[in-house]
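Q: I would like to learn how to read the features of a structure one at a time. Please show me the general idea and then the case at hand.

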Amino acid sequence: EISAAPLSLQRLYYLRALWFAPAFGLTSFLSLPCPRAYYLCKMVQLQFEGINLLVFGTIMFLLMAEESHRLYKGSDSQDDSIGKKLVSALAAQGPKRHFGVPPFGCCVRPFLAPHNLSPRHLILARNFFRQYAFVIVIFATLSAYAAISLPIARFNLVFKVSGYVEKFSGFLAIYGLMILYVATHDLLHEWRTTSKFVAIKLVVLLCTFQDMFVGQIVKRVEIAGFDCLGGEAHTEHFWSMYLTSLESLLVAHLVSRAFPASEIQTFEGEYHLELVEMELEALQRCPSRSGFDGPPEPSEDGSETNESSDEAGTIELVDMQAAVAPRAG
């Protein structure tokens with residue numbers, strides 16, 4: 001159905017999001033008859049995981065740009081750059097503790113002051129989920145090199161360290177996406193971002209914690225062991241991939257529901273992520289030249305003020321807040 005939808009960037013990235021579950025399911029199934037292929041299949045799965053997180057982040061920016069364009073259509077700011085409109089649309093929702101989100105910021109949330117997202121914050125969130133795709137490729141290549149050039153003991157050490165780095169990088173990517181998800185919850189309410197977020201993150205979280213428990217279960221439950229597989233490690237890998245293949249069926253169902261063809265439409269202002277990034281970087285480097293004085297900051301009494309904003313700008317911000325508020329309902 002998506003292939004028959006109107007040609008757009010949204011259709012392109014929705015199709016890419018649908019690749020995730022089949023790729024995980026196929027690599028898991030190929031590993032079952034030959035558990036020795038576990039490391040190769042796991043490397044391919046991590047590659048697709050990194051691509052999928054990058055695709056989801058790109059979709060978030062694509063939808064943010066479209067909703068910001070619609071929000072300011074017909075206003076005095078409709079001719080502003082998409083970066084300025086995006087930051088202003090997020091500021092219209094009011095200050096939040098944007099960095100106090102899981103998995104890293106929930107513990108320090110009570111100590112964070114509410115604030116608006118600046119262009120620098122959005123670029124930082126983008127870098128958080130983008131770095132994972134690079135880390136996965138680099139450490140997968142390192143592990144492959146170690147497998148063919150080092151003794152088994154040293155390879156296991158390299159593989160273990162690489163696993164820790166990749167897991168930390170994955171959680172950092174999720175942290176960046178959580179910042180965007182919480183910041184755009186009201187703005188993108190009609191796009192059902194919660195279901196999209198759950199569909200993409202479920203198998204990532206399951207695989208992260210699953211690898212930690214499968215080995216312990218195989219050691220303690222005798223019926224879970226298979227002598228024909230040739231060792232405890234191969235048995236652990238077999239059950240890990242078997243569970244992943246089952247989880248892929250669930251993820252395939254969730255992704256198909258979260259990224260339906262009925263959502264694909266012709267955008268009024270279709271902005272690629274690269275263009276939005278350049279606009280945000282321009283605002284970060286020279287706000288005054290871009291006509292951006294920064295989002296309004298909360299005053300001592302809790303109201304939003306901006307010393308560089310005139311009265312008309314304040315009225316326009318209030319109008320934008322009124323336009324965004326019904327979406328959260």
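Q: In which helix is Ile-217 found?
A: This is a predicted model. Ile-217 is found in helix α7, which covers residues 193-220.

Q: Is Ile-217 buried, partly exposed or exposed?
A: The class is read from relative accessibility, with buried under 20% and exposed over 50%. Ile-217 has 48%, so it counts as partly exposed.

Q: Which residues form the nonpolar patch on the surface?
A: The patch consists of Leu-205, Phe-209, Met-212, Phe-213 and Ile-217. Together these residues have about 490 Å² of accessible area.

Q: How many helices and strands does the protein have, and in what pattern do they follow along the sequence?
A: There are 10 helices and two strands. Along the sequence the pattern is α-α-α-α-α-α-α-α-α-β-β-α.

Q: What share of the residues is buried, and how much accessible surface does the protein have?
A: Of the 329 residues in the protein, 48% are buried. The accessible surface comes to about 16600 Å², and carbon and sulfur atoms account for 63% of that.

Q: What share of the contacts joins residues at least 24 apart?
A: Counting contacts between residues at least 6 apart in sequence, 76% join residues at least 24 apart.

Q: How is an aromatic pair described, and how many aromatic pairs are there?
A: Two values describe a pair of aromatic rings: the distance of the centres and the angle of the planes. Pairing requires ring centres within 6.5 Å, and by this rule the count comes to 16 aromatic pairs. One of them is Tyr-39 with Phe-159, at 4.6 Å centre to centre and with 85 degrees between the planes, an edge-to-face pair.

Q: Which parts does the pair of Tyr-39 and Phe-159 tie together?
A: Tyr-39 lies in helix α3 (residues 38-71) and Phe-159 in helix α6 (residues 152-183), so the pair ties together parts that are 120 residues apart in sequence. Tyr-39 is partly exposed, at a relative accessible area of 29%. Phe-159 is also partly exposed, with 28%.

Q: Why is the pair of Phe-155 and Phe-159 called tilted?
A: Planes under 30 degrees apart count as stacked and over 60 as edge-to-face, with the rest being tilted. The planes of Phe-155 and Phe-159 are at 35 degrees and the ring centres are 5.8 Å apart, so this pair is tilted. Both residues lie in helix α6, four residues apart, or about one turn of the helix. Phe-155 is buried, with a relative accessible area of 9%.

Q: Which residues do ring pairs link into a cluster with Phe-155 and Phe-159?
A: The cluster also holds Tyr-38 and Tyr-39.

Q: How many salt bridges does the structure hold?
A: A salt bridge is read from the distance between a side-chain nitrogen of Lys or Arg and a carboxyl oxygen of Asp or Glu, with a limit of 4 Å. The structure holds nine salt bridges. In one of these, the side chains of Lys-84 and Asp-80 meet at 3.4 Å, N to O. Lys-84 counts as buried at 18% relative accessibility, while Asp-80 counts as partly exposed at 24%.

Q: Which parts does the salt bridge of Arg-126 with Glu-277 tie together?
A: The closest N and O atoms of Arg-126 and Glu-277 are 3.3 Å apart. Arg-126 lies in helix α5 (residues 119-149) and Glu-277 in helix α9 (residues 273-285), so the pair ties together parts that are 151 residues apart in sequence. Arg-126 and Glu-277 are both buried.

Q: Where do Lys-196 and Glu-263 lie?
A: Lys-196 forms a salt bridge with Glu-263, with 2.8 Å between the closest N and O atoms. Lys-196 lies in helix α7 and Glu-263 in the loop between α8 (232-258) and α9, so this pair ties together parts that are 67 residues apart in sequence. Both Lys-196 and Glu-263 are buried.

Q: Which residues do salt bridges that share partners join into one network?
A: The network consists of Arg-126, Arg-130, Glu-274, Glu-277 and Glu-281.

Q: Over the face of which residue does Lys-196 lie?
A: Lys-196 lies over the face of Phe-259, 5.5 Å from the ring centre.

Q: Which peptide bond is cis?
A: The bond from Pro-102 to Pro-103 is cis, with omega near 0 degrees. Pro-103 is in the loop between α4 (82-91) and α5.

Note on methods
Residues numbered from 1 in each chain as written. Predicted model: local features only at pLDDT ≥ 70, side-chain atom pairs only at ≥ 80, totals over all residues. Heavy atoms only, no water. Patch = residues over 30% accessible without salt bridge, like charges linked within 9 Å, V, L, I, M, F, W, Y side chains within 5 Å. Areas by Shrake-Rupley, 256 points an atom, 1.4 Å probe, with all protein chains shown as cover. Buried < 20%, exposed > 50% of the residue type's maximum accessible area, 1.4 Å probe, protein only. Phe/Tyr/Trp six-rings, centres within 6.5 Å; stacked < 30°, edge-to-face > 60°. Lys NZ or Arg CZ within 6 Å of the ring centre and 35° of its normal. Contact = heavy atoms within 4.5 Å.
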